[in-house]
Every structure is written in C-alpha cells, then in structure tokens.
Amino acid sequence: MKLATLLLLAPFAALAQTKPGPLLPAADPRIQKLVEEISAKNLEADIRKLVSFGTRHTLSETDNPKRGIGAARNYVRDEFLKYSKAGGGRMTVEMDTFTIKPDGRRINKPVLMANVLATLPGTDPTDTRIILVSGHIDSRVSDVMNATADAPGANDDGSGTVLVMELARVLAGQKFPCTLKFVAVQGEEQGLYGSGHLAARAKKENWNLIAMLNNDIVGNSHGFDPVINDDKHLRVFSEGVPANETPEQARVRRQLSNENDGISRQLARYTQRVAKQYGKGHEVVLEYRPDRFLRGGDHTPFNQQGFPAVRFTEMNEDYTHQHQDLRTEKGRAYGDVIEGVDFAYLRRNAGVNLATMASLALAPAAPAKVEVLTANLTNRTELRWEAPATGPKPAGYVVLVRETSAPQWQQRIPMTGLTANLDISKDNFIFGVASVDAAGHESVPVLPVVGR
C-alpha cells in the first residue's frame, strides 16, 4: 500500500476499534412509498392554475376571483381544505393575515397580506417539535413595483408553492408524532415580509421549530449563460455561523473553529443524507453560503430568529425567466412562463423535501446537553448527553464522526447509553450525537459543547 494511502487511513485506524455501523441508515419503506405518491401531473396542474391568475404581485388585486394575489391565495387555501377533508380532517388551514405599512422602498401603500398556512398536528402530546416547509406565492416582473402586468411566476416561485401544496396533499392523512406545517408566504419579492411575519410569530409563540425548508426556484433544470442542463442535482444553502449567536457562543465557536457547524448547516447535511436514502440518484449539493451570492430568501428571517432553516434552489438558474417582463428580444423569449418548468425534476425535488420532513418527524427529538469532557488530558474522546426534553425516549443514539476538514460525516457509531468513550483524539475529529428510534429513524446531530 502506498504511503499516501496509509497516511490517509491512519487517523481512522483507532476508530475501527469502536465498531462503527453503516454510514447510511436503511431506508424506511413507508417514507419511500410516500415519496413515490408525489405526482408530476398534480404539480403541473397547480402551476397552470397559479399562472392563470395573471399576476400574483403582492400589490395586485385581492377582490377579483380570477386575477391577482387574492385569487391565488384563495386557491391555495381551498386546495389545502380539500386535502384536509380527504385526509380525515385533522389538518387545519388558516389565512394568517398581517398589515404592512409603506416602507419607502417596495411597499407604497398599506397592504393587508396573508400567508396561507396548513397545520398537521402531531399525535404525541409530549412531542412539541414543529417542521415547516415553505414557498412564496407572490410573483413580479422587471419593475418590482409593477402590480398590473402579467407576472406568471411559474418557477419563481410557483414551483416552490406547488411543491408545498403537493406535500400537504400526500401527508394530510398521515400521522406523525410531531407537527408539520405547510405554508405559502406572501411578500417575498417586496422584502421577505411574509416569512418575516411568520418567523416573528414562531419566536413569539415559542415554537419548537426544528427545521424550516424553504423552496424557492426549484423547478427548472435548464440553465442559461452558460447553457447547463442538470436534472440530477438540487442545491441546499445554509448558514454556517448562526445569525443570533451570543458573544460567548461566538468566543467558543472561534476557539473550536466550528464555523461550518451551525444548526442550519447540520440540517443541510441531513437533507443531503436523506436524498441518498430516498432520492434514487437525485442528489443534494451542499452550498456553504446562507443563500446565492449576495442574495437572500424566506429562510433568512428564520435564521435571524435563531431557527434552523435552509433554502433549496435548482442547480442552474435561467435568469431570462426570473423577474422579467414577458417579451422577445433577439429571438429569445423572456419571462417566467410554464414552459420553463421541468415537472419530473420538480417532482424529485419535492421528494427530497418530503423524505426530509418524514425522516425528522418519525425520528426522536435530538439529544440534550451534549458535551465533550475535557477534565482529563488524554488522546481519547469522552462524550456525554441527556435524553431529549420532548417526545418519546429514543431506542439509542449514534455518534457521528468526521475529520475537521471533511464536509460530511464519515463514521456512524451506534450507542445504547448516554456516554461514549472513543479511542480517537478530539484534536483531529468533529463529533455529533443523534437520537435513534427502534426503526432506525435518526435526528439531526447535535455538536457537543465543552464539559468537565
């Protein structure tokens, strides 16, 4: 064996003594079946309906039954109600209204906005966790203040909105221990108003929000300038450093160099792993940025409130179809029309979202008070943790391990108790601890803080 290979394997030589298990847990047939129930035909029908309202600009009409943001909101609400009825009536639906005053920027008059929110309550009264999936219902053209021109918004963000609707349809009749929420937010194009309102509400009402999955521009597989076609990958953006960390948390982060391990980054890694379990070759690509270059989205207000939140976006965007007046220039058509959506690709992206929600919902809550013990000066790594504070007791736990330079977890070590004593050095590896139930459903891992 070559020296380079020996050097590469050397850090994990001692780790083999800890009897690591399979790196990828087995797929759950129930989740796989739910993923397969997602319909490209339904996604297309819903986008065609949204496009038929002409414009969904936030400042457009609200009292016209056939045109404008009001008609679009009512359509999503009515579809949610249909899904609830078909699923046994457990899912509740609300128009979460709020008023935004003129902001001197993109709101020029008082506007009554509404997020269309469906809630599927959990079946375990001791499980307070909430998982949220979102898309934004509003659309725009070149002039962000043009509320009258046709703005189809087929991909931006009709694709995210109908993804949320289809997940609500498939999951409305299912029972999970924790609560699932499905929301079409308004006002993204005018300044993230709908998501800002909902994130503030979540904070005020003390939601135990363990994951917010924002889907914005997830339906196009054909990039332009340059032309790159890719229907096998989906990007997930996440912040590495929490936006609301305290000075003490920042000090510890700098000391341990945990810039790549915030709660949203851990959620992003989780979605990548879930795609490997249920995506059948459709892959999630980790992007180590909060969003596209110098941009933001509806996950941003949730990050600012301290919640784990990520953004899904197609691999290669076509900017001739985003924020564009409908027109043809030099033989090229501009505008966010339905012809720019790949519904088979959108269906697979919806599957990643559903599998993530279901995997998290069926898993136990994450362990509490995870610590790496430092009282003894040793080359071993001692970890301890407590059972989750909410929901059923886990059947066990896993310790996840990766080298400090590795982007994804490299080893997964099953544990039955609340401690681990590993034959490897905390100097060279990063650790996380996740809860597991008897069926193998696994929580997002928690990185340890320093303990004595």
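Predicted model: local features only at pLDDT ≥ 70, side-chain atom pairs only at ≥ 80, totals over all residues.
Trainee: How far apart are the axes of α3 and α5?
Mentor: Their axes are 9 Å apart. The crossing of the two helices is right-handed.

Trainee: What makes α3 and α4 roughly antiparallel or roughly parallel?
Mentor: Take the angle again. Helix α3 (residues 40-51) and helix α4 (residues 69-86) pack at about 150 degrees. The cut-off for roughly antiparallel is over 145. The pair is therefore roughly antiparallel. Their axes lie 9 Å apart. α3 passes α4 in a right-handed crossing.

Trainee: Which peptide bond is cis at Asp157, and what is its omega?
Mentor: The bond joining Asp156 and Asp157 is cis, with omega about -5 degrees. Asp157 sits in the loop between β3 (129-136) and α5.

Trainee: What is omega for the peptide bond from Asp225 to Pro226?
Mentor: Omega is near 0 degrees there, and the bond is cis. Pro226 belongs to the loop between β5 and β6 (233-237). As background, most peptide bonds are trans.

Trainee: What is phi of His323?
Mentor: Phi is near 55 degrees, a positive value in a residue other than glycine. In general, most residues other than glycine have a negative phi. His323 is placed in the loop between β8 (309-314) and β9 (327-329).

Trainee: How many cavities of 30 Å³ or more does the structure hold?
Mentor: There is 1. The largest cavity has a volume of about 50 Å³. To count as a cavity, a space must fit a 1.4 Å probe that cannot get out.

Trainee: Which residues line the largest cavity?
Mentor: Among them are Asn155, Asn220, Glu314, Asp318 and Asp336. The lining divides into 1 nonpolar, 5 polar and 3 charged residues.

Trainee: What volume has the largest pocket?
Mentor: About 1,200 Å³. It is lined by 41 residues, and the closest to its centre are Gly262, Ile263, Pro445, Val446 and Leu447. β5 (208-215), α8 (247-256), α9 (263-278) and β11 (368-373) each give two or more residues to that lining. α8 supplies the largest share, 5 residues. By class, the lining has 25 nonpolar, 10 polar and 6 charged residues.

Trainee: Which residues are closest to the centre of the second largest pocket?
Mentor: The volume of the second largest pocket is about 370 Å³. Of its 15 lining residues, the closest to the centre are Leu256, Asn258, Lys426, Phe429 and Ile430. α8 and β16 (429-436) give two or more residues to this lining. The largest share, 3 residues, comes from β16. The classes are 8 nonpolar, 5 polar and 2 charged.

Trainee: Where does UniProt place the feature "domain: Peptidase M28"?
Mentor: The unreviewed UniProt entry puts it at residues 115-325. Such an annotation may be inferred rather than shown by experiment. Over residues 115-325 the chain is 29% helix and 21% strand. The end C-alpha atoms of that stretch are 26 Å apart.

Technical notes: Residues numbered from 1 in each chain as written. Heavy atoms only, no water. Helix = DSSP H or I, 4+ residues; strand = E, 2+ residues; numbered from the N terminus. 1 Å grid on protein atoms, 1.4 Å probe; cavity = no way out; pocket = protein on both sides within 12 Å on 5 of 7 lines; lining within 4 Å. Points joined across faces, edges and corners; volume = space filled by probe spheres on them. Nonpolar A, V, L, I, M, F, W, Y, C, P; charged D, E, K, R; others polar. Axes fitted to C-alpha atoms, helices over the stretch in contact; angles between N-to-C directions. Parallel < 35°, antiparallel > 145°, perpendicular 65-115°, else oblique. Left-handed = near helix turned anticlockwise from the far one by under 90°.
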